[in-house]
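Dear colleague,

Please find below the structure that I would like to hand over to you.

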Amino acid sequence: MLMEWSPSLSVEVGQIDAEHRGLVNTINELHDAMLHAKGKEVIGGIIERLARYAVHHFATEEKLMQEAHYPGYALHKAEHDAFVKKVAHFKEEFGQGKVMLTTEVINYLKDWLKHHIMETDKKYTQSLHAAGVH
Ligand code: FEO
């Protein structure tokens with residue numbers, strides 16, 4: 001397993017932790033598919049799922065941050081938007097056969113998610129809790 005969920009990744013909001021676990025699982029699935037040299041269709045399908053899951057998760061978080069009037073919303077959303085763009089670009093290039101899924105790409109996804117949860121997501125916990133979201 002490439003990435004393991006641990007309590008240190010918790011943002012102390014149930015729905016968000018559940019979605020983060022989903023993202024971790026999907027990145028692990030992608031890693032497994034690469035290790036087992038799965039075909040382009042299988043890997044493409046997982047990339048597609050990851051892209052859609054990320055969009056869904058970011059929408060959840062952004063709604064909660066807005067409802068809580070979280071002051072760091074704009075900067076946080078900019079990080080989401082940049083990631084979505086990057087994954088969409090990779091998905092397109094992969095689909096066209098211009099790039100391969102490599103360890104570098106997988107590590108980028110893993111490191112981005114871990115860093116984003118630890119350094120960016122965790123900052124909203126207090127605001128969400130104050131708004132009654134747990
Ligand atoms: Fe959990 Fe800001 O993404």
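Two aromatic rings of Phe, Tyr or Trp are counted here as a pair if their centres lie within 6.5 Å, the six-membered ring being used for Trp. Under this definition, the structure, which is a predicted model, holds 6 aromatic pairs.

One of these pairs is formed by F58 and F83: the ring centres are 6.1 Å apart and the planes stand at 75 degrees, so the pair is edge-to-face. Because F58 belongs to helix α2 and F83 to helix α3, this pair ties together parts that are 25 residues apart in sequence. F58 has a relative accessible area of 4% and is therefore buried. F83, with a relative accessible area of 6%, is likewise buried.

F83 also pairs with Y108, in this case in a stacked arrangement, with 6.5 Å from centre to centre and 25 degrees between the planes. This pair, too, links distant parts of the chain, since F83 lies in helix α3 and Y108 in helix α4 (residues 103-120), 25 residues apart. The relative accessible area of Y108 is 30%, so Y108 counts as partly exposed. Ring pairs join F58, F83, Y108 and W112 into a cluster.

I turn next to the packing of helices α2 and α3. Helix α2 spans residues 40-67 and helix α3 residues 73-95; the two pack at an angle of about 165 degrees, and their axes are 10 Å apart. Angles over 145 degrees count as roughly antiparallel, and α2 and α3 are therefore roughly antiparallel to each other. Their crossing is left-handed. The residues of the contact between α2 and α3 comprise 13 nonpolar, 5 polar and 6 charged.

The charged side chains deserve a separate paragraph. Side chains of opposite charge can pair when their charged atoms come close. The structure holds 6 salt bridges, and three of them are described here.

The salt bridge between K91 and E48 has its closest N and O atoms 3.2 Å apart. With K91 in helix α3 and E48 in helix α2, this pair links distant parts of the chain, 43 residues apart. K91 has 28% relative accessibility and so counts as partly exposed. E48 is partly exposed as well, its relative accessible area being 28%. A network of salt bridges links E48, R52 and K91.

A second salt bridge joins the side chains of K63 and E67, at 3.1 Å from N to O. Both residues lie in helix α2, where K63 and E67 are 4 residues apart, about one turn of the helix. K63 is exposed, with a relative accessible area of 51%, whereas E67, at 48%, counts as partly exposed. The cut-off explains this division, because exposed means over 50% relative accessible area.

K77 counts as partly exposed at 26% relative accessibility, and D81 counts as partly exposed at 38%.

With kind regards

Methods:
Residues are numbered from 1 along each chain as its sequence is written. This is a predicted model: local features need pLDDT of at least 70, side-chain atom pairs count only at pLDDT 80 or more; totals for chains, interfaces and linings use all residues. Side-chain values use heavy atoms; hydrogens and water are left out. Axes are lines fitted to C-alpha atoms, for helices over the stretch in contact, and angles run from 0 to 180 degrees between N-to-C directions. Angles under 35 degrees count as roughly parallel, over 145 as roughly antiparallel, 65 to 115 as roughly perpendicular and the rest as oblique. A crossing is left-handed if the near helix is turned anticlockwise from the far one by less than a right angle, and right-handed if clockwise. Ala, Val, Leu, Ile, Met, Phe, Trp, Tyr, Cys and Pro count as nonpolar, Asp, Glu, Lys and Arg as charged, and the others, Gly among them, as polar. A salt bridge is a side-chain nitrogen of Lys or Arg within 4 Å of a carboxyl oxygen of Asp or Glu. Buried means under 20% relative accessible area, exposed over 50%, partly exposed in between (1.4 Å probe, protein chains only). Rings of Phe, Tyr and Trp (its six-membered ring) pair if their centres lie within 6.5 Å; planes under 30 degrees apart count as stacked, over 60 as edge-to-face and the rest as tilted.
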